[in-house]
Amino acid sequence: MKRPVTPHAEVLVSDPRWRAALGDVERLVRQSCQMAQRYGNVFPQGRPGPSFVFTDDRHIQRLNAQFRSKNKPTNVLTFEPPAPMLGGDIILAYQTMHREALQARKSLRAHTAHLIVHGLLHLAGHDHHHPGEARQMEGLETFILCRMGFGDPWRPRPHSRR
(Lines give C-alpha, C1' and ligand atoms only; values in the text may rest on other atoms or scores of the structure.)
Protein backbone atom coordinates (compact mmCIF):
# COMPACT_ATOMS: atom_id res chain seq x y z
CA MET A 1 0.00 0.00 0.00
CA LYS A 2 1.36 3.37 -1.00
CA ARG A 3 1.49 5.85 1.88
CA PRO A 4 0.60 9.50 1.24
CA VAL A 5 3.53 11.88 1.33
CA THR A 6 3.21 14.80 3.70
CA PRO A 7 5.13 17.90 2.70
CA HIS A 8 7.50 19.58 5.10
CA ALA A 9 5.78 22.12 7.34
CA GLU A 10 7.69 25.03 8.84
CA VAL A 11 7.10 25.60 12.56
CA LEU A 12 7.91 28.78 14.48
CA VAL A 13 7.26 28.86 18.23
CA SER A 14 7.44 32.52 19.27
CA ASP A 15 5.76 32.09 22.68
CA PRO A 16 7.67 29.70 25.00
CA ARG A 17 4.48 28.73 26.85
CA TRP A 18 3.63 26.47 23.89
CA ARG A 19 6.73 24.34 24.48
CA ALA A 20 6.20 24.36 28.25
CA ALA A 21 2.63 23.08 27.77
CA LEU A 22 3.03 20.75 24.77
CA GLY A 23 6.70 19.77 24.67
CA ASP A 24 7.54 18.74 21.11
CA VAL A 25 5.31 21.11 19.13
CA GLU A 26 6.85 20.00 15.84
CA ARG A 27 5.86 16.39 16.50
CA LEU A 28 2.21 17.37 17.08
CA VAL A 29 2.26 19.40 13.84
CA ARG A 30 3.83 16.51 11.92
CA GLN A 31 1.29 13.97 13.27
CA SER A 32 -1.62 16.31 12.53
CA CYS A 33 -0.37 16.95 8.99
CA GLN A 34 0.13 13.23 8.34
CA MET A 35 -3.34 12.29 9.52
CA ALA A 36 -5.01 15.21 7.74
CA GLN A 37 -3.26 14.11 4.55
CA ARG A 38 -4.14 10.45 5.03
CA TYR A 39 -7.84 11.03 5.71
CA GLY A 40 -8.48 14.47 4.20
CA ASN A 41 -6.00 14.64 1.30
CA VAL A 42 -5.16 18.22 2.25
CA PHE A 43 -1.88 18.64 0.34
CA PRO A 44 -2.22 18.89 -3.44
CA GLN A 45 0.53 17.18 -5.43
CA GLY A 46 3.70 19.25 -5.52
CA ARG A 47 2.53 21.91 -3.06
CA PRO A 48 4.63 22.49 0.07
CA GLY A 49 3.18 22.31 3.54
CA PRO A 50 2.07 25.40 5.41
CA SER A 51 3.97 27.43 7.96
CA PHE A 52 2.75 27.25 11.55
CA VAL A 53 3.28 30.07 14.03
CA PHE A 54 2.63 29.36 17.71
CA THR A 55 2.27 32.83 19.19
CA ASP A 56 0.29 34.85 21.74
CA ASP A 57 -2.95 36.83 21.88
CA ARG A 58 -1.26 40.20 21.29
CA HIS A 59 0.33 39.09 18.02
CA ILE A 60 -2.78 37.36 16.70
CA GLN A 61 -4.95 40.36 17.67
CA ARG A 62 -2.76 42.62 15.49
CA LEU A 63 -3.07 40.20 12.56
CA ASN A 64 -6.82 39.80 13.10
CA ALA A 65 -7.26 43.60 13.09
CA GLN A 66 -5.07 44.09 10.03
CA PHE A 67 -6.37 41.26 7.85
CA ARG A 68 -9.87 40.48 9.18
CA SER A 69 -10.91 43.93 10.52
CA LYS A 70 -11.58 42.38 13.95
CA ASN A 71 -9.56 44.07 16.70
CA LYS A 72 -9.59 41.17 19.14
CA PRO A 73 -7.61 37.99 19.69
CA THR A 74 -8.82 34.72 18.22
CA ASN A 75 -7.70 31.10 18.58
CA VAL A 76 -6.40 30.50 15.05
CA LEU A 77 -5.96 32.41 11.81
CA THR A 78 -5.47 30.63 8.51
CA PHE A 79 -4.03 32.50 5.55
CA GLU A 80 -4.32 31.11 2.05
CA PRO A 81 -1.03 31.02 0.13
CA PRO A 82 -0.35 34.17 -1.92
CA ALA A 83 0.77 32.02 -4.85
CA PRO A 84 -0.29 28.49 -5.94
CA MET A 85 3.05 26.87 -5.12
CA LEU A 86 3.24 28.19 -1.55
CA GLY A 87 1.73 26.42 1.45
CA GLY A 88 -0.15 29.09 3.42
CA ASP A 89 0.05 30.00 7.10
CA ILE A 90 -1.69 28.77 10.25
CA ILE A 91 -1.23 30.96 13.33
CA LEU A 92 -2.35 29.92 16.83
CA ALA A 93 -2.64 32.08 19.98
CA TYR A 94 -1.61 30.56 23.30
CA GLN A 95 -3.82 32.42 25.79
CA THR A 96 -7.04 32.01 23.80
CA MET A 97 -6.32 28.35 23.05
CA HIS A 98 -5.45 27.63 26.69
CA ARG A 99 -8.62 29.35 27.95
CA GLU A 100 -10.81 27.49 25.43
CA ALA A 101 -9.27 24.14 26.35
CA LEU A 102 -9.95 24.76 30.05
CA GLN A 103 -13.54 25.86 29.35
CA ALA A 104 -14.13 22.78 27.17
CA ARG A 105 -12.49 20.50 29.77
CA LYS A 106 -10.03 19.05 27.28
CA SER A 107 -6.29 19.03 27.05
CA LEU A 108 -4.43 21.81 25.31
CA ARG A 109 -2.81 19.09 23.15
CA ALA A 110 -6.21 17.86 21.93
CA HIS A 111 -7.47 21.40 21.31
CA THR A 112 -4.27 22.33 19.45
CA ALA A 113 -4.43 19.20 17.28
CA HIS A 114 -8.06 20.08 16.49
CA LEU A 115 -7.22 23.61 15.37
CA ILE A 116 -4.18 22.46 13.38
CA VAL A 117 -6.44 20.03 11.49
CA HIS A 118 -9.09 22.76 11.20
CA GLY A 119 -6.55 25.14 9.63
CA LEU A 120 -5.27 22.45 7.26
CA LEU A 121 -8.80 21.72 6.07
CA HIS A 122 -9.33 25.45 5.44
CA LEU A 123 -6.17 25.50 3.31
CA ALA A 124 -7.53 22.50 1.41
CA GLY A 125 -10.67 24.46 0.53
CA HIS A 126 -13.07 23.36 3.27
CA ASP A 127 -15.20 25.97 5.00
CA HIS A 128 -17.97 26.30 7.59
CA HIS A 129 -19.96 29.39 6.59
CA HIS A 130 -23.06 27.38 5.63
CA PRO A 131 -24.67 24.59 7.72
CA GLY A 132 -23.96 21.85 5.15
CA GLU A 133 -20.32 22.90 4.82
CA ALA A 134 -19.98 23.11 8.59
CA ARG A 135 -21.37 19.58 9.12
CA GLN A 136 -19.03 18.17 6.49
CA MET A 137 -15.96 19.96 7.86
CA GLU A 138 -16.77 19.10 11.48
CA GLY A 139 -17.35 15.47 10.53
CA LEU A 140 -13.97 15.27 8.82
CA GLU A 141 -12.26 16.98 11.78
CA THR A 142 -13.87 14.48 14.17
CA PHE A 143 -12.89 11.52 11.97
CA ILE A 144 -9.25 12.64 11.76
CA LEU A 145 -8.94 13.51 15.46
CA CYS A 146 -10.46 10.20 16.56
CA ARG A 147 -7.90 8.41 14.36
CA MET A 148 -5.21 10.42 16.18
CA GLY A 149 -6.47 9.15 19.54
CA PHE A 150 -8.35 12.28 20.57
CA GLY A 151 -12.05 12.40 21.31
CA ASP A 152 -14.78 14.13 19.37
CA PRO A 153 -13.87 17.84 19.57
CA TRP A 154 -17.53 18.85 19.26
CA ARG A 155 -18.90 16.69 22.07
CA PRO A 156 -19.33 18.58 25.36
CA ARG A 157 -17.26 17.27 28.27
CA PRO A 158 -19.08 16.43 31.50
CA HIS A 159 -18.45 18.56 34.56
CA SER A 160 -16.27 16.91 37.16
CA ARG A 161 -17.84 16.11 40.52
CA ARG A 162 -15.96 17.42 43.51
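Reader: Where does histidine 118 lie?

Author: Histidine 118 lies in helix α5; helices (H or I, at least four residues) and strands (E, at least two) are DSSP runs, numbered from the N terminus. This is a predicted model, in which local features need pLDDT of at least 70, side-chain atom pairs count only at pLDDT 80 or more, and totals for chains, interfaces and linings use all residues. Residues are numbered from 1 along each chain as its sequence is written, and side-chain values use heavy atoms, with hydrogens and water left out.

Reader: Is histidine 118 buried or exposed?

Author: Histidine 118 counts as buried because its relative accessibility is 12%. Buried means under 20% relative accessible area, exposed over 50%, and partly exposed in between (1.4 Å probe, protein chains only).

Reader: And which residues is histidine 118 in contact with?

Author: Setting aside neighbours within four places in sequence, histidine 118 is in contact with His128, Met137 and Glu141. Contact means heavy atoms within 4.5 Å.

Reader: Where is histidine 128 found?

Author: The loop between α5 and α6 holds histidine 128. At 34% relative accessibility, histidine 128 counts as partly exposed.

Reader: Which residues does UniProt list for "binding site"?

Author: The unreviewed UniProt entry lists His118, His122 and His128 under that name. UniProt positions are given in the numbering used here, feature names are shortened, and annotations may be inferred rather than shown by experiment.

Reader: Turning to α5, how many of its residues are buried?

Author: 15 of the 16 residues of α5 are buried, so the helix is largely enclosed by the rest of the structure.

Reader: What follows α5?

Author: Glycine 125 follows α5, and its phi is positive, near 105 degrees.

Reader: Now the largest nonpolar core: which of its residues touch the most other members?

Author: Of its 35 residues, these are Trp18, Val29, Phe52, Phe54, Leu92, Leu120 and Met148. A nonpolar core is a set of buried Ala, Val, Leu, Ile, Met, Phe, Trp, Tyr and Cys residues joined through side-chain atoms within 4.5 Å. The largest share of this core, nine residues, comes from α5.

Reader: What does phenylalanine 52 touch?

Author: Not counting residues up to four places away in sequence, phenylalanine 52 touches Ala9, Glu10, Val11, Leu12, Val29, Cys33, Ile90, Ile116 and Leu120. There is also a second, separate core of seven residues, which includes Val53, Leu63, Ile91 and Ala93.
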